[in-house]
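Student: I would like to learn how to read the contacts in a structure that is new to me. Could you take me through one step by step?

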Protein chains: 2
Amino acid sequence: MIRRLAIVGVGLLGGSAAKAARAEGLAREIVGIGRDAGRLGPPLREGVLDRATTELEDGVRDADFVLLAAPVLASEGLLARVWRAAPEGAVVTDVGSTKRGIVRAAERLAAERRAVAFCGSHPMAGSERSGYGVARADLFRGATVIVTPTDRTEPRAVKAVSELWEALGARVRALDPESHDRVVAAISHLPHAVAYALVDAVARLEPEALEFAARGFLDTTRIAAADPDVWTEIFLANRDAVLASLQRFRGALDELERAIASGAPAALRATLARARDAREGLR
Amino acid sequence: MIRRLAIVGVGLLGGSAAKAARAEGLAREIVGIGRDAGRLGPPLREGVLDRATTELEDGVRDADFVLLAAPVLASEGLLARVWRAAPEGAVVTDVGSTKRGIVRAAERLAAERRAVAFCGSHPMAGSERSGYGVARADLFRGATVIVTPTDRTEPRAVKAVSELWEALGARVRALDPESHDRVVAAISHLPHAVAYALVDAVARLEPEALEFAARGFLDTTRIAAADPDVWTEIFLANRDAVLASLQRFRGALDELERAIASGAPAALRATLARARDAREGLR
């Protein structure tokens with residue numbers, strides 16, 4: 001049981017964690033921290049938060065568990081302040097989509113002060129929509145959360161963070177931060193880049209085609225409705241892995257394009273069948 | 001009211017048209033034509049078809065309306081035989097995803113025999129699954145069907161074909177065959193190519209990442225589960241428009257990639273926001 005859970009950033013992810021923690025009775029007190037007092041009003045009025053503050057240090061001072069749920073670069077920036085303000089024994093985690101940066105920052109801070117322990121996490125759940133208004137208590141139910149301990153991570157942090165996510169209904173998997181960033185570049189950041197480029201290409205060069213868009217186009221580009229601020233941070237925070245993924249995608253696209261251009265059905269069919277088989281292997 | 005509706009190819013589209021025509025009472029008799037007698041068994045037993053045959057000429061001989069619902073190049077190949085076998089006054093349409101080829105073929109045939117009239121159509125409905133097993137009477141309800149008359153198309157064919165689709169619940173729009181092929185290259189064929197390449201890139205180069213695939217990846221690549229035989233035909237039948245679309249997509253992807261590589265948030269955010277705005281403008 002967490003005595004005081006401090007959640008920094010009460011949007012889709014932070015708000016959903018607060019709702020789920022409340023519903024499951026995981027924390028005696030839940031404190032929400034945000035830059036904008038007005039946005040903290042709804043979760044406070046709904047009883048999802050017990051307390052809300054715009055003062056980071058004030059919010060985390062007595063917290064035994066701190067969940068950083070601001071955008072990825074903002075969370076990295078806030079980590080040092082959390083580290084200094086949190087009490088002895090506190091455990092800190094985040095929900096960022098990239099992990100090398102924040103894990104490295106936490107390891108530098110742990111060298112200064114060992115009384116606070118960090119283990120990174122990345123819930124593979126979300127929406128192209130953002131904000132507390134779309135937060136829901138079951139967001140993490142059945143989702144995978146990747147935790148990213150290294151050999152310098154304190155076991156108590158890995159344990160506390162994993163147990164929190166499991167209590168919120170998630171399945172927890174561990175990956176080192178580098179593997180994590182490579183994996184999410186491939187299965188999350190690359191598809192977002194591709195979806196943004198696809199909408200952009202059609203909207204700029206064949207805008208009249210958009211009115212005929214059917215389910216295939218809509219599904220393929222749904223994630224291009226995601227928040228540009230959030231995704232600017234993610235692409236930049238994971239830049240090298242994203243660029244490497246784009247390079248690989250370009251290779252696959254080149255191969256497909258050559259098969260179409262050649263006009264030879266057999267090679268084209270083989271390329272498509274290989275992709276179809278891989279896709280059918282997924283849920 | 002159609003006296004005898006002949007449907008060539010009783011799969012997802014042909015089967016759905018048969019079910020919907022039966023449900024709406026649009027045809028006195030519905031004849032299904034297929035290469036494989038075994039596959040015609042289920043719709044015949046279910047009463048969706050009144051008669052089934054593997055002999056094309058036999059099936060269309062007394063039909064006043066012929067719906068070609070075989071894969072796109074196969075339908076082009078069968079059109080000449082339908083044209084010669086169909087009775088005086090018959091109207092013929094198809095459901096192919098590309099239109100220049102079959103419309104040109106029909107115009108050549110009309111020069112030989114004016115008693116049969118053709119108007120192309122393309123129902124913007126479907127599924128990544130195929131076959132009569134997934135056919136359903138409401139497939140066309142609320143969908144857009146693009147009909148592709150030219151100045152050489154007989155008005156009675158445009159009328160009969162449009163009325164059939166409207167009776168099946170679709171919204172009918174007209175485009176010339178060239179515009180149609182450019183539009184579908186952008187909003188259907190390009191997304192399919194991109195989805196196939198995306199799955200292929202990840203499956204070949206980062207296969208362990210696939211087990212972490214969440215909703216974003218699954219939605220973006222859903223159409224990569226589509227039938228490779230069908231899509232080999234579509235990509236080759238619309239090759240020049242598909243290659244032009246790929247060229248445009250590559251330009252948009254290059255721009256996004258440069259913005260990520262530059263590390264400058266403002267340009268990247270502007271690129272993403274432009275795509276997001278375009279995507280939000282859709283349903």
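This is a predicted model: local features need pLDDT of at least 70, side-chain atom pairs count only at pLDDT 80 or more; totals for chains, interfaces and linings use all residues.

Student: How many residues does the contact take from chain B and from chain A?

Tutor: The contact takes 74 residues from chain B and 74 residues from chain A. On the chain B side, the elements that each supply at least two residues include strand S8 (144–147), helix H7 (177–205) and helix H11 (265–280), and H7(B) gives the most, with 20 residues. By class, that side of chain B has 50 nonpolar, 9 polar and 15 charged residues.

Student: At what angle do the axes of H7(A) and H11(B) cross?

Tutor: The axes of helix H7 (residues 177–205) of chain A and H11(B) cross at roughly 75° and come within 8 Å. Because angles of 65 to 115 degrees count as roughly perpendicular, H7(A) is roughly perpendicular to H11(B). Among the residues that make this contact are A:Tyr196 and A:Asp200 of H7(A), together with B:Leu272 and B:Arg279 of H11(B); by class, the residues of the contact divide into 6 nonpolar, no polar and 3 charged.

Student: Into which domains is chain A divided?

Tutor: Chain A is divided into domain 1 (2–175) and domain 2 (179–280), whose C-alpha centres lie 31 Å apart. Their contact takes 14 residues from domain 1 of chain A and 17 residues from domain 2 of chain A. On the domain 1 side, helix H4 (72–85) and helix H5 (100–112) of chain A are the elements that give two or more residues, and by class that side has 5 nonpolar, 6 polar and 3 charged residues.

Conventions. Residues are numbered from 1 along each chain as its sequence is written. Chains are lettered from A and ligands numbered from 1 in the order in which they are written. Two residues are in contact if their C-beta atoms, placed from the backbone, lie within 7 Å. Helices (H or I, at least four residues) and strands (E, at least two) are DSSP runs, numbered from the N terminus. Ala, Val, Leu, Ile, Met, Phe, Trp, Tyr, Cys and Pro count as nonpolar, Asp, Glu, Lys and Arg as charged, and the others, Gly among them, as polar. Domain bounds come from an automatic or database domain assignment. Axes are lines fitted to C-alpha atoms, for helices over the stretch in contact, and angles run from 0 to 180 degrees between N-to-C directions. Angles under 35 degrees count as roughly parallel, over 145 as roughly antiparallel, 65 to 115 as roughly perpendicular and the rest as oblique.
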